[in-house]
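Me: Please take a close look at one part of this model for me. I care about the backbone and what surrounds it.

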Amino acid sequence: MLHGDSDRIQPFGPGAGTYASRGLVIGGHAVHQTAHQAREKLVDAASHLLETPSDDVTLAEGAAASRSDPSRSVPLGRIAEMAGDADGGFRHYSTYTLPPGSFAFATHIAYVELDPDSGDVRVRDFVAVHDVGNLINPVIVEGQIHGGVVQGFGEAMCEAVSYADDGRPREWSFMDYAMPLAEDLPHMVVETHATEARNGAMGVRGIGEMPSCASPAALANAVHDALRQIGAPIVDIPFTAERVWRATRQASR
């Protein structure tokens, strides 16, 4: 058996996952900004009703109250009526543009085992460490990293489309298209290291696409590291058993 690891650590910065997680990085910031602006309008309206300065108003449990005199309060519904439009509804619109600087960073390391007689490649361990800024929902972040690594695993190890002489793809369905199964996946360690992004109030970075960008490169480095030990040439992804076996045959000759 030949063993290889991606000993050249792969940092992924600008360009990797730049447009990932639009829902949180852009949409989340937009909601955050709009909510704060709407809150300011409610506080201003409450300060008039309570006849107290805005910095003395607190919003809690469906009402606005005076910090200096908590017995003085008014329901948020009444405040919304006062701050709302002629139709009796409280609406607030906001426009948000994300400033540059939400790039995320990651390091992926893979450890593979390769059988030169059969060309079979097994990924034994995989470590993914991501800096996605502040973690709003750690469970979702970990799930996205797992999903992205699996997607990258499929790209590197088995997924491909072949074409007949007439140009039609041979893989017409998922019965023909090779995708990784749960039993094919390695033991995976996922960690996060948060450094707050400074281009938005939430301090978050992208996460959706980056794992699928970094994992194929780490897997390719590990396989090529194993093949290098016997002088085998570089193999293009996906690392099917036939491709790896042909490379080992060239090395033996």
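Reply: Pro238 sits in the loop that links helix H5 (210-228) to helix H6 (241-252). This is a predicted model. The peptide bond from Ile237 to Pro238 is cis, its omega near 0°. Most peptide bonds are trans, and most residues other than glycine have a negative phi.

Two glutamates also stand out by phi. Glu51 has a positive phi of about 55°, yet it is not a glycine. Its place is the loop between helix H2 (27-50) and strand E3 (57-60). Glu51 is exposed, with a relative accessible area of 69%. Glu61 has a positive phi too, near 55°, and is a residue other than glycine. Glu61 belongs to the loop between E3 and strand E4 (63-66). Its relative accessibility is 84%, so Glu61 counts as exposed, the cut-off being over 50%.

Now the sheet beside these loops. Three strands make an open sheet, ordered E3-E4-E5, with antiparallel pairing. E3 and strand E5 (73-75) are the edges; each has a single partner strand, so one side of each lacks a neighbour in the sheet. On average, neighbouring strands are turned by 20° against each other, direction ignored. E4 and E5 run antiparallel and are joined by three bridges. Ala63 stands opposite Pro75 in E5.

Two helices pack on this sheet. H2 touches E3, E4 and E5, and its direction makes about 120° with that of E3. Helix H3 (residues 76-83) also touches E3, E4 and E5; its direction makes about 75° with that of E5.

How values were computed
Residues are numbered from 1 along each chain as its sequence is written. This is a predicted model: local features need pLDDT of at least 70, side-chain atom pairs count only at pLDDT 80 or more; totals for chains, interfaces and linings use all residues. Side-chain values use heavy atoms; hydrogens and water are left out. Helices (H or I, at least four residues) and strands (E, at least two) are DSSP runs, numbered from the N terminus. Buried means under 20% relative accessible area, exposed over 50%, partly exposed in between (1.4 Å probe, protein chains only). Two strands pair if DSSP finds at least two bridges between them. Axes are lines fitted to C-alpha atoms, for helices over the stretch in contact, and angles run from 0 to 180 degrees between N-to-C directions. Contact means heavy atoms within 4.5 Å.
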